[in-house]
Amino acid sequence: MASSSGALRLVEAKGLVKRYPGFSLQDVNLTVDAGEIVGFVGANGAGKSTTIKALLGLIPVDGGSSSLLGVPSEKLAQPCGASVKEQVGVVFDTVSLPEHLRVADVGRMLSHAYDGWDGSLFGKYADEFGLDARKQVKDLSRGMGMKLSLACALSHRAQLLVLDEATAGLDPMAREEVLDILRGFVAEPGRGILMSSHITSDLERIADRIVCIDGGRVLFDLPKDAITDAMGVARCRKSDFERIVSSSLIPNDEFRYLMHDYGIDVLVPDRYAFSRAMPEIPCDRMTIDDYLALVLKGGVR
Amino acid sequence: MKRAYLMEMNVLRGYATSLLATGFLVTVLVGVGMKTAIVAPAVLTSMCFMMGAIGSSVYDDQNGWGSYRLTLPVSKRDVVLSRYAAIATLGLIGSAVGFAASLAVMGLASAVELPGGLSELLAFSGERVAGMAFATAACVLIGSAVASVVTPVYFKFGQTKATQLLPTVTVGLFVVAPMLLGNSGILGGGAFGLVAGLLTFAETPVGLAASMAALLAASLLMLAASAAVSLGLYGRREL
């Protein structure tokens, strides 16, 4: 299946609905194409993990449809669709393995699971990550456990990685190392990554697109560069704020602001144009964190 | 299913070793208490079936392994069928180890004069081997019955809830139901006589072969029916 741009579509969710008491996933649309790293962000309980579980076919949905590598998600747990998971590497937010297994046992077990398992590649990642083959899963720290999970996901030549908070618990150096590996992974043709994370600085470094979910609904789906390159945050005083409002530099439907004790932050869709028009008002480069704060908590006109 | 089975056995390897060690200790104690070696395969078989069914289910909820396993190239059907295959494998390993140990003890008792008249009690005889085989087949049935009851409960509810529910289910099925049947008079009529007749028949060579075949066939049927129930329950479960 190909996207409108012609790239191979690896993940597609159309109007996903899943209802739980007190929470619903509503009309979630999401795509990941070959060559893309899509960052999936949102607050705790926003629906990221539920969406990922629905995509992986672990939970039935109440509406909409989704597919992984062209296979409908509901088929993934059935005999007719299971084999496509050869091409998918998954990391959840905890090390999802029986705790008595040793690192070497995990490699042995997964060699039975995947036809494409590469034991020497697993050994290489284990060495790079400093994983002791004799250590049991229960004795690994959270960070080391996540490294083991990543080594598992990367050692069977998958086409798609689905990572749910995979860099949580890693120290900054390990995160950098993992991000390099993920960049290398997606550089090979036909591969892509869906990566949910609260560490938005990681996504700023590697993501091509950011999808934000809040209260079970997709709030925005934007190229990362549209946020971090084009947009800005104007750091205003009250008088500056009133000038911006009256200037109509920012369209009403895009106007977002956050009041602080020390001033007001305003979302600027085009920071270059803004700086030319109002050079006296400082306008910083937008970070994903800033954008999330302005979109999720900011006031509108 | 092969890959799911190999994964399951990989996960259970350490548990199987400790289960056999514990079973062996229990077997020795029972054997010494009863002054016989023929109980070994029966005790080990039933222990491996029952504890295998319970022990193998414990890992599913550990660290979200049950969910993660389904992101690997296996289906829910593979997971269920490989579980039953693993339980049967553990039971058969228990039988094999028990038989080997019993035959070794019998051989030793036949070859060497053991103190305290033990050689007479333990020595090799066709009758003892036949008794051992029949007891083992009966224990395969008992072990299969327990595995057939507990496994669907684990697949439906997961470890925590199943562990809370199973004592009630066990009491209901294995204590209350026989008690009600006993009070109803169904067992009192001809049932005990029928059982006694079957046991007498089992003492003949043809009867032994037929009763063992019947016990094993009944075990297989029970496990197959239980697997069908588990497939339905696990197929609908959200992970």
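Reader: What does Lys156(B) touch, not counting residues up to four places away in sequence?
Author: Lys156(B) touches Leu233(B) and Arg237(B). Two residues are in contact if their C-beta atoms, placed from the backbone, lie within 7 Å. This is a predicted model: local features need pLDDT of at least 70, side-chain atom pairs count only at pLDDT 80 or more, and totals for chains, interfaces and linings use all residues. Residues are numbered from 1 along each chain as its sequence is written, while chains are lettered from A and ligands numbered from 1 in the order in which they are written.

Reader: Why is Lys156(B) called partly exposed?
Author: Lys156(B) has 17 other C-beta atoms within 10 Å. Buried takes 20 or more and exposed 12 or fewer, with partly exposed in between, C-beta atoms being placed from the backbone. So Lys156(B) is partly exposed.

Reader: What makes a set of residues a nonpolar core?
Author: The members are buried Ala, Val, Leu, Ile, Met, Phe, Trp, Tyr and Cys residues, joined through C-beta atoms within 7 Å. The largest such core has 146 residues. Ala151(A) is one of those with the most contacts inside it.

Reader: Which residues does Ala151(A) touch, not counting residues up to four places away in sequence?
Author: Ala151(A) touches Phe122(A), Tyr125(A), Ala126(A), Phe129(A) and Leu131(A).

Reader: How many residues does the contact take from chain B and from chain A?
Author: The contact takes 24 residues from chain B and 28 from chain A. The chain B side divides into 11 nonpolar, 8 polar and 5 charged. Ala, Val, Leu, Ile, Met, Phe, Trp, Tyr, Cys and Pro count as nonpolar, Asp, Glu, Lys and Arg as charged, and the others, Gly among them, as polar.
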